[in-house]
Amino acid sequence: SRSRAAVGAFTLGVFALGTPALAATHVVNPGDSIQDAIDAAAANDTVLVMPGDYTGTAGAFSAVHITKSLKLYAKSKPGAPVRILPGSNNKHGILVEPVNPGVDPDVTGVKIKGFTIEGFPKNGIWLRYVDGYKLENNTSINNLENGIWPTLSANGLVKKNVSYGSEDSALWVEASDNVRVLKNELSTSPTGLEVTISSNLKIVKNEVFGNTVG
């Protein structure tokens, strides 16, 4: 009947509208650009980076710039890390922020895991205006401002990272809410672990040593 056909068409339409697109995985090999893969990825995709050394685009503010929901994973192995190194005039290693920081909605659902970020004149991993993030098993080496710096962000996990050799803080949580800081190793910086203007924090089992101030 006409009514039965209409109901069937309506149900099919709802099913089609309610089926999300499948997330894709973009694999990056040595010689490829991590940033190109991020730019090509849709929201909620995964960018998987194979072992090797990667540099940012010459003249870019940061070597890696994320402005969308994304999983950025390094397939690091013992003796075969995924290292992000400065390209010409790169100030920061990995920067996560909206396209228009402080104007656009916060970036949500970002995961960064397994990278070594080394030798940047500013920050190793810098998040601002991010709601819902995980930073796990990353290593920040000799990034001269802060090693890992989530600021103006919320609902985060910072776990099992290693950070040392900064000229400010190895890890700084600033102006943030609901952040868990667990089992990180923070050393050889003026400040090992810094927390300012933040609330609802859980800070447990971090190893903080060899700093001017722990």
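Author: Helices (H or I, at least four residues) and strands (E, at least two) are DSSP runs, numbered from the N terminus. This is a predicted model: local features need pLDDT of at least 70, side-chain atom pairs count only at pLDDT 80 or more, and totals for chains, interfaces and linings use all residues. Residues are numbered from 1 along each chain as its sequence is written, and side-chain values use heavy atoms, with hydrogens and water left out.

Reader: In which strand is the place of Thr116?

Author: Thr116 sits in strand β9, which covers residues 115–118.

Reader: Is Thr116 buried or exposed?

Author: Start with the cut-offs. Buried means under 20% relative accessible area, exposed over 50%, and partly exposed in between (1.4 Å probe, protein chains only). Thr116 has a relative accessible area of 12%, so this residue is buried.

Reader: Which residues does Thr116 touch?

Author: A contact means heavy atoms within 4.5 Å. Leaving aside residues up to four places away in sequence, Thr116 touches Pro81, Val82, Arg83, Ile84, Thr139 and Ile141.

Reader: How is a pair of aromatic rings described?

Author: By the distance of the centres and the angle of the planes. Rings of Phe, Tyr and Trp (its six-membered ring) pair if their centres lie within 6.5 Å; planes under 30 degrees apart count as stacked, over 60 as edge-to-face and the rest as tilted.

Reader: How many aromatic pairs does a search of the whole structure find?

Author: The search finds 2. Trp126 and Trp149 form a stacked pair, 5.2 Å centre to centre with 5° between the planes. This pair links distant parts of the chain: Trp126 is in strand β10 (residues 125–128) and Trp149 in strand β13 (residues 146–151), 23 residues apart. Trp126 and Trp149 are both buried.

Reader: Why is the pair of Trp149 and Trp172 stacked?

Author: The ring centres of Trp149 and Trp172 are 5.1 Å apart and the planes stand at 5°, so the pair is stacked. Trp149 lies in strand β13 and Trp172 in strand β16 (residues 169–174), so the pair ties together parts that are 23 residues apart in sequence. Trp172 is buried, at a relative accessible area of 14%. For Trp149 the value is 11%. Ring pairs link Trp126, Trp149 and Trp172 into a cluster.

Reader: Where is the place of Ser189?

Author: Ser189 is in the loop between β18 (185–187) and β19 (191–196). Its relative accessibility is 4%, so Ser189 counts as buried. Beyond residues up to four places away in sequence, Ser189 touches Tyr164, Gly165, Ser166, Asp168, Ala170, Gly210, Asn211 and Thr212.
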